[in-house]
Amino acid sequence: MTDFSHSLALIVAEEVLTVVGLVLLLASAWLGDKASRGISIVAVAALVACAFLAAPTLAGGLMGPDRLAFGGQYIGDAFSAFAKILIYVSAAVTLIFAPNFLNRFVVNGQGAMRAEFPVLVLFAVVGMNLMVSAGDFMTLYIGLELNSLSAYVLAAFLRTDERSAEAGLKYFVLGALASGIILFGMSLTYGFAGSTDFMAVRGAMAGELATGAIFGLVFVLAGLAFKISAVPFHMWTPDVYEGAPTPVTTFFATAPKVAALALTMRVALGAFGGAVDAWQQIVIFVALASIIVGALGAIGQSNIKRLLAFSSINNIGFLLIGLAAATEQGAAAMLVYLFIYVFMSIAGFAVILMLRDVDGNPVEAIADLAGLSSVRPAMAWALLAVMFSLAGIPPLFGFYGKFVVFQAAVDADMIALAAIGIAASVIGAFYYIKVVKIAFFDEPSGRIVPETGPISHKIVLLVACLIISPLGYLLGPWLGGLTEKAAASLFLIG
């Protein structure tokens, strides 16, 4: 009974989100779409409360037996707490962005914002919580599917928009394929390890691997590569980013990305931590391929959301360099980069959401950004900060993320990997600078109107821009301490 009480105490955030989600689901059924604003506010409040619940776990660097719940199926350590806080922030920002955007689309005489939207986000967050805290392949799969089922609906949320419907269908079909790949890999792993528990699998794979076990490992990592949109499983990303409503794209670029990457770290360094040599070369290839394909793919894009999709593929490549190092320093560097990347993405999509053309429609064509500095100078400077930070140009904070990842690779004697990554990052700088050039030096397109967005959008953009600016370096010691605690808990065996 004591163990069960301890387990319930560890999953209090999931309990809160589940109960609030169910209550809001009933409220949306009874009150209808007119209550969507109030439901969104309650959902944001629940996410903020859960962030405060996770903070002591992270600050205290929780590890050891006290972090395990339900016989090791759930791990409530400092690593999961760090990922969850980023997920909560990303989900809350999505709920702040959504009403203003969706209500511009009129469906059956009213705005497209529905009371179910925040409920879907909350249930997706519950799934992501299970993903980052998974200590067993069963927990992993339940969390993955709960998140995915909500995400498919969110991608197709604008039912009258063909692009949104197409994005939802593509995401569903390819997501189902990835889930099947992971499930097959899990079954092979179970067959050779005799358990679905991560630590038991680690022990079984510590020696020489059978061919079937290697296939299981590869299938699991391939399915996870789809979820983080790494090459060669990236094909869905540009289409889904472009077609989904922009607040949903913001969500996909941040929260599920954090959850999937944290899950990949948990599986690779935990369950498959005894077989690093079996997957390290695969991760190195995927990292370099993602950096190069992401950079080259973005060069020819004319839509800003598609460009940011290829940018996310490119950034996943840099993040995987830290995973390839397979060290605590590499894991900590990944978490630092992930923190910075989340706020770069939030700032970028906030700018997109606050731009409107003369017809009141969202501005997505890069050509329409011409002369932005003369029409919306604040937005132009914010866009410059985002693009230069994504490119890793000092003194912006995005440079620090790349620096710590490359430093971890060098310290792990992967100098060639770091050198190739640094060289490939120069390719990416081209298309980021191209966007800045269009916004600042081209003749105004006449498409963008000097319209100001809601105050909530401005506050989010201001906070995100301050974090990715040189002022972000003030967070360096604090962020470094938290990521070291999180990485240390991830590497704890047993």
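A: Glu 162 is exposed, with a relative accessible area of 68%; here exposed means over 50%, buried under 20% and partly exposed in between, using a 1.4 Å probe and protein chains only. Glu 162 sits in helix α7 (residues 162–193), where helices are DSSP runs of H or I with at least four residues, strands are E runs of at least two, and both are numbered from the N terminus. Glu 162 and Gly 243 are 81 residues apart in sequence, yet their C-alpha atoms are 8.1 Å apart in space.

A word on the ground rules: this is a predicted model, in which local features need pLDDT of at least 70, side-chain atom pairs count only at pLDDT 80 or more, and totals for chains, interfaces and linings use all residues. Residues are numbered from 1 along each chain as its sequence is written, and side-chain values use heavy atoms, leaving out hydrogens and water.

Now to the wider region. An unreviewed UniProt entry annotates residues 134–428 as "domain: NADH:quinone oxidoreductase/Mrp antiporter transmembrane"; such annotations may be inferred rather than shown by experiment. Over residues 134–428 the chain is 77% helix and 0% strand, with 34 Å between the end C-alpha atoms.

Next, helix α18 (residues 415–441) and its partner α13 (residues 304–325). These two pack at an angle of about 165°, with axes 11 Å apart; axes are lines fitted to C-alpha atoms over the stretch in contact, and angles between N-to-C directions run from 0 to 180 degrees. That makes α13 roughly antiparallel to α18, a label for angles over 145, while under 35 is roughly parallel, 65 to 115 roughly perpendicular and the rest oblique. The contact residues divide into 9 nonpolar, 5 polar and no charged; Ala, Val, Leu, Ile, Met, Phe, Trp, Tyr, Cys and Pro count as nonpolar, Asp, Glu, Lys and Arg as charged, and the others, Gly among them, as polar.

Helix α12 (residues 276–299) also meets α18: their axes come within 8 Å and cross at roughly 20°. The two are therefore roughly parallel to each other. Residues in this contact include Leu 288 and Ile 292 of α12, and Tyr 431 and Lys 434 of α18. The residues of the α12 contact with α18 divide into 14 nonpolar, 3 polar and 1 charged.

Terms used:
Contact means heavy atoms within 4.5 Å.
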